[in-house]
Amino acid sequence: MKPFSISETYSNDHSERIIDINPLPDNYCTFDCVFCPLGRTRKKTDKPHNFTETETFLDKLNKALTNKDIDLVFINPDGEIFTQSRISEIVHLIRNHHVKVRVISNGYLFNKEEYRHLLDSCDEVIGELAVTNEEDFQKLQRPLPGYTFENLLSNMSSFNSQYQGKFILDITILRNYSDTNEAVGRFQEFIQRIQPDKIFVHTPGKGKLKSAFGINHAKLQEIRTLLNVAVTTQE
Ligand code: SF4
């Protein structure tokens, strides 16, 4: 999405009217994934940043929420949402219009108390996984120094152990990294540990990323079946 943009309204399978919003100027993120559809991370950071455009964006969002009939706002940033210093105001504005909030994040900062409180006020939270071990995490997701794969898992798991809303685990399958039998087995363990309410499983589907990392449809369907079993067999 364009920086500080709001999408047209669209509907999901439950006939909810949804808008997507991107409250960031560029890819500010804690990671710099080689498979990122946005390209290289513009600024690798885990700090909140002030953006002058946010004031105008809040006005624009307020108008959209006032003038349109909307059931849900999907905060779907080009980057990591917690790098926007005014994310709390954005969520509160949406809540004040009695509209549901879905937010996506790579999940690494879910252990931070200030963000956890904010996420608790959202109806749906999406966290992401793409690899299954430390080596691939460092090589393919190129996080900030000191970040570990174990912390990514434990931050999502401990967040969801207390979260009352709907937690969705978004899994990207990367050819030669996360499509092996061993990797699928590891994802099944992670699902048991994180206990998501739902999972999305996909693979890069466009351009160079598809050539480099995409798996074929039959294989994707096979993995989806195996991982969905792990969700539905939770105790
Ligand atoms: S976590 Fe998401 S936004 Fe950040 S670099 Fe990776 S793919 Fe891109």
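Me: In which helix does Ile191 lie?
Reply: This is a predicted model, in which local features need pLDDT of at least 70 and side-chain atom pairs count only at pLDDT 80 or more, while totals for chains, interfaces and linings use all residues. Residues are numbered from 1 along each chain as its sequence is written, and side-chain values use heavy atoms, with hydrogens and water left out. Helices (H or I, at least four residues) and strands (E, at least two) are DSSP runs, numbered from the N terminus. On that basis, Ile191 belongs to the run of residues 181-194, which is helix H6.

Me: Is Ile191 buried or exposed?
Reply: Buried means under 20% relative accessible area, exposed over 50%, and partly exposed in between, computed with a 1.4 Å probe on the protein chains only. Because the relative accessible area of Ile191 is 0%, this residue counts as buried.

Me: Which residues have the most contacts inside the largest nonpolar core?
Reply: A nonpolar core is a set of buried Ala, Val, Leu, Ile, Met, Phe, Trp, Tyr and Cys residues joined through side-chain atoms within 4.5 Å. The largest such core has 68 residues, and a second, separate core of six residues includes Phe74, Ile104, Ile126 and Ile168. Inside the largest core, the residues with the most contacts are Ile75, Ile94 and Leu129.

Me: Which pocket does the ligand sit in?
Reply: On a 1 Å grid over the protein atoms alone, a pocket is an open set of points with protein on both sides within 12 Å along at least five of seven lines. A molecule sits in a pocket if more than half of its atoms lie within 2 Å of its grid points. By that rule, the ligand sits in the largest pocket.

Me: Which residues does Lys68 touch, not counting residues up to four places away in sequence?
Reply: Lys68 is placed in the loop between H1 and strand S6 (72-75), and at 33% relative accessibility it counts as partly exposed. The C-alpha atoms of Lys68 and Thr9 are separated by 8.4 Å, although these residues are 59 places apart along the chain. With contact taken as heavy atoms within 4.5 Å, and residues up to four places away in sequence not counted, Lys68 touches Ser7 and Thr9.

Me: What is the phi of Ser15, which is not a glycine?
Reply: Ser15 is in the loop between strand S2 (10-11) and strand S3 (17-22), where its 58% relative accessibility makes it exposed. Although Ser15 is not a glycine, its phi is positive, at about 60 degrees.

Me: How far apart in space are Gly214 and Asp179, C-alpha to C-alpha?
Reply: Gly214 is found in the loop between helix H7 (207-213) and helix H8 (217-232), and is buried, with a relative accessible area of 10%. Leaving aside neighbours within four places in sequence, Gly214 is in contact with Arg175, Thr203, Pro204 and Leu209. Gly214 and Asp179 are 35 residues apart in sequence, and their C-alpha to C-alpha distance is 9.7 Å.

Methods
On a 1 Å grid over the protein atoms alone, a cavity is a set of points where a 1.4 Å probe fits but cannot get out, and a pocket is an open set with protein on both sides within 12 Å along at least five of seven lines; lining residues have an atom within 4 Å of a point.
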